[in-house]
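Take a walk through this model, from the whole chain down to single residues. The structure comes before the commentary.

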Amino acid sequence: MEEIKLDIEGIKKYIKIRYPVLMLDGATVIPGVSAEGFKILDGKEEFWKGHYPEYPIMPGTYQLEALAQLFSLSFLVLNDYSEIIPKLVGFEKVRFYKEVKPGEKNHSLIMSAKLLSFKHNVAKGEAKGMVNGEIVCSAEIKTFL
């Protein structure tokens with residue numbers, strides 16, 4: 001399959017979530033196979049102000065949300081499910097390895113997701129997030145259309 005590159009407007013075609021919860025700034029998708037994407041961590045998002053103001057770190061729930069949004073693109077782009085809102089069924093084997101802190105403009109959470117199965121409107125897969133080449137989080141994800 002051919003890669004599809006999505007900027008923020010392309011992402012918003014498939015992911016109906018909007019700021020401040022939209023956790024993707026760009027993505028590349030191989031429909032029905034995988035997705036890679038990023039979230040810029042420049043410290044401008046509201047959550048940095050409240051999640052330990054003296055020692056800001058990205059909440060784990062936001063990291064998982066970012067992984068779930070990217071994972072959703074791996075199958076939403078497949079058959080142009082642009083009008084469907086997927087429902088998260090659950091996460092398994094969730095791991096947080098390192099703190100995610102704000103940084104400069106080029107500092108990003110780099111994510112990858114793989115679609116393992118898509119049957120009976122249930123998508124199962126795995127995803128991970130990295131910062132500066134180190135894994136910071138990972139999870140298995142299940143979503144229902």
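Buried residues make up 41% of the 145 residues in the protein chain. The model is a predicted one, and the values below are computed from it.

Next, the overall dimensions. The radius of gyration of the protein chain is 14 Å. A compact globule with 145 residues would have a value near 15 Å, so the chain agrees with that expectation. Along the principal axes, the C-alpha atoms fill a box of roughly 45 × 30 × 25 Å.

Contacts tell how the chain is connected. Charges come next. The protein chain has 19 positive and 19 negative charges. Their mean positions are 4 Å apart.

Now the secondary structure. The protein chain has three helices and seven strands. In sequence order the pattern is β-α-β-β-α-α-β-β-β-β. Keep that order in mind for the sites that follow.

Start with helix 1, which covers residues 8-14. Glycine 10 is in this helix. Is glycine 10 buried or exposed? Its relative accessibility is 15%, so glycine 10 counts as buried; the cut-off for buried is under 20%. Glycine 26 is 16 residues away from glycine 10 along the chain. The C-alpha atoms of the two glycines are separated by 8.6 Å.

Move on to the loop between helix 1 and strand 2 (26-30), where proline 20 lies. The peptide bond from tyrosine 19 to proline 20 is cis. Its omega is near 15°.

Proline 59 is in the loop between helix 2 (46-50) and helix 3. With 9% relative accessibility, proline 59 counts as buried. Which residues does proline 59 touch, not counting those up to four places away in sequence? They are Phe47 and His51. Compare the position of proline 59 with that of glutamate 3. The two are 56 residues apart along the chain, and their C-alpha atoms are separated by 31 Å.

Helix 3 spans residues 60-76. It carries phenylalanine 71 and phenylalanine 75. These two are four residues apart in the helix, so about one helical turn separates them.

Now consider the aromatic rings. The count comes to five aromatic pairs. One of them joins phenylalanine 71 and phenylalanine 75. Their ring centres are 5.5 Å apart and their planes meet at 65°, so this pair is edge-to-face. The angle cut-off for that class is over 60 degrees. Phenylalanine 71 has 0% relative accessibility and therefore counts as buried. Phenylalanine 75 is buried too, with a relative accessible area of 0%.

Tyrosine 81 and phenylalanine 118 form another edge-to-face pair. Here the distance is 6.2 Å centre to centre, with 70° between the planes. Where do the two partners lie? Tyrosine 81 is in the loop between helix 3 and strand 4 (87-96), while phenylalanine 118 is in strand 5 (residues 108-119). The pair therefore ties together parts that are 37 residues apart in sequence. Phenylalanine 118 counts as partly exposed, because its relative accessibility is 24%. Phe71, Phe75, Tyr81 and Phe118 form one aromatic cluster.

Histidine 120 lies in the loop between strand 5 and strand 6 (122-131). Its phi is near 55°, a positive value in a residue other than glycine. Histidine 120 has a relative accessible area of 77%, so it is exposed. The cut-off for exposed is over 50%.

Asparagine 132 is in the loop between strand 6 and strand 7 (134-144). The phi of asparagine 132 is near 50°, again a positive value in a residue other than glycine. Is asparagine 132 buried or exposed? Its relative accessible area is 66%, so asparagine 132 is exposed.

Note on methods: Residues are numbered from 1 along each chain as its sequence is written. This is a predicted model: local features need pLDDT of at least 70, side-chain atom pairs count only at pLDDT 80 or more; totals for chains, interfaces and linings use all residues. Side-chain values use heavy atoms; hydrogens and water are left out. The radius of gyration is taken over C-alpha atoms; the globule rule is 2.2 Å times the number of residues to the power 0.38. Buried means under 20% relative accessible area, exposed over 50%, partly exposed in between (1.4 Å probe, protein chains only). Lys and Arg count as positive and Asp and Glu as negative; His and the chain ends are not counted. The place of a charge is taken as NZ of Lys, CZ of Arg, CG of Asp or CD of Glu. Rings of Phe, Tyr and Trp (its six-membered ring) pair if their centres lie within 6.5 Å; planes under 30 degrees apart count as stacked, over 60 as edge-to-face and the rest as tilted. Contact means heavy atoms within 4.5 Å.
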